[in-house]
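User: I have a structure open and I am new to this. Can you show me how to read a ligand site and a sheet?

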Amino acid sequence: MAKVISTSLSPNTEKDDVFFAIISLLKFWKWQKGLGSTKLEDYFRLHFGFENCYSFNSGRSCLLAIFDAINLSEGDEVIVQAYTCNAVINPILKRRATPVYVDIKSDLNIDAQKIEQKITEKTKVVIAQHTFGLPCDLDRIKEICSRKNIILIEDCAHALGAKYDGKYCGTFGDFAFFSFGRDKVVSSVYGGMLIVNNNSYIKRIIDFKANILYPTKKWIVQQILHPIITNLFVLPFYNSKIGKGIMAYSLNSGLLSRSVMESENHGILPNYFPQKMPNALAEIALFQVQKLERFNVWRKGVADFYAIELDEYKNLFCFNSIDSRKDPIFMRFPLIVNNSKQLIENFRRQEIYLNDGWRESVIVPSKTDIKAMQYKEGQCLIAEVNCDKIVSLPTHIRLRSDDMKRIVSIVIDHLKRNG
Ligand SMILES: Cc1ncc(COP(=O)(O)O)c(C=O)c1O
């Protein structure tokens, strides 16, 4: 496998995943329908103990299913944290509901103390995001939602396998969802799993799912090709112009998909949300999720390494002094540093690509039109300051110990120069 390090280019893909994708590509008669999604749902039920699991083609589709089930409508307010992805906001806008932004704490999760100030009689939902795999303050948030009769959705897009009070994230809200996006904890390029903990909504979700389509074969092929093209033709040549050129061509020609379409930066979801989870991607996700334990043990080990090696600078860690009830999985290891652009550039010069999109805007990716997201500048100052300073170190399975050492020495060198 290629030696380039990148947090966004297929970080979880191993040799056997590429082989698995090639086989999936050949089994064209099983791209859309098959037993894959049922098997994936069963795995989530048996392995994590989530009783009611429904697969979709993305976290975005899971959110659209939830909003249909709860009848989210114009005028309803949805509390979300700043420092989130437009993939969370666009489904809210699609229902003509209003996102209400709450600032974060230094751990990049919602500041539970600030939620109550934002609750009005129109508040229908709180979305609790476990950013980069660190559980948010679930006790406090759940208590507020129960007391105020507000629906709680856990956004577990980054948190598959993370625990709070000994229980998996995803068991606390009325709903929760996971994402199998290309840079997530496990990946099938696109995919999502919706968990319904409040039984009164199950029928609505089942009906919703029955009435949506499978993605087109063209769309499915775009996703299956992603690990193949990225690992065989892009990453091995990424340091020269060839790899980058192949990637740009593949994206521009539509051979591969983008994780977020340009229209989404302006508040408009493409028409392939909501759709069902196609069989081929469900099988790829199932193949990956069976590696979860190994991936997450590795991630925690990498995080421990960074924490020890950078101990002198621990005031810069976002995940500092973690509450003992929280068992994070460290999808990444975020730091808050001065002159962060320079650090990203220093990494790039050493073929370490850490611009993961989660930077430079309170609603990422950075090209997002925050006005279209109904965010007003100055609303959430901690998010605004931190998003410009964040550099998230990689923790994925393909890192080797010499990579980790190199990463630490680049960080230390930068910190010595920039204070
Ligand atoms: C925090 C967060 N929530 C939700 C989503 C949406 O998930 P998906 O990409 O599977 O639609 C993403 C990723 O895009 C995310 O990072």
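This is a predicted model: local features need pLDDT of at least 70, side-chain atom pairs count only at pLDDT 80 or more; totals for chains, interfaces and linings use all residues.

User: Which side-chain atom lies 2.6 Å from a nitrogen atom of the ligand?

Analyst: A polar contact is a pair of N or O atoms within 3.5 Å. Here a polar side-chain atom of Asp155 sits at 2.6 Å from that ligand nitrogen. Arg60 also takes part: one of its polar side-chain atoms is 2.7 Å from a ligand oxygen.

User: How much of the ligand's accessible area does the protein cover?

Analyst: Compare the ligand on its own with the ligand in place. On its own it has 380 Å² of accessible area, and the protein covers 96% of that.

User: How many residues surround the ligand, and of what kinds?

Analyst: Count the shell, then sort it. There are 15 residues, with Gly59, Arg60, Asp155, His158 and Ser179 the closest. Six are nonpolar, six polar and three charged.

User: Now the sheet. What is the order of its three strands?

Analyst: Read across the strands. The order is E9-E8-E12, the pairing is antiparallel and the sheet is open. Strands E9 (167–168) and E12 (326–327) are the edges, as each pairs on one side only.

User: What joins E8 to E12?

Analyst: Look for bridges. Two of them link strand E8 (residues 163–164) to E12. Lys163 has Asp327 of E12 as its bridge partner.

Conventions:
Residues are numbered from 1 along each chain as its sequence is written. Side-chain values use heavy atoms; hydrogens and water are left out. A residue is near a molecule or strand if one of its heavy atoms lies within 4 Å of it. A polar contact is a pair of N or O atoms within 3.5 Å; within protein, one must be able to donate a hydrogen and the other to accept it, and residues adjacent in sequence count only if both atoms are side-chain atoms. Accessible areas come from the Shrake-Rupley method with a 1.4 Å probe; for residues, only the protein chains shown count as cover. Ala, Val, Leu, Ile, Met, Phe, Trp, Tyr, Cys and Pro count as nonpolar, Asp, Glu, Lys and Arg as charged, and the others, Gly among them, as polar. Two strands pair if DSSP finds at least two bridges between them. Helices (H or I, at least four residues) and strands (E, at least two) are DSSP runs, numbered from the N terminus.
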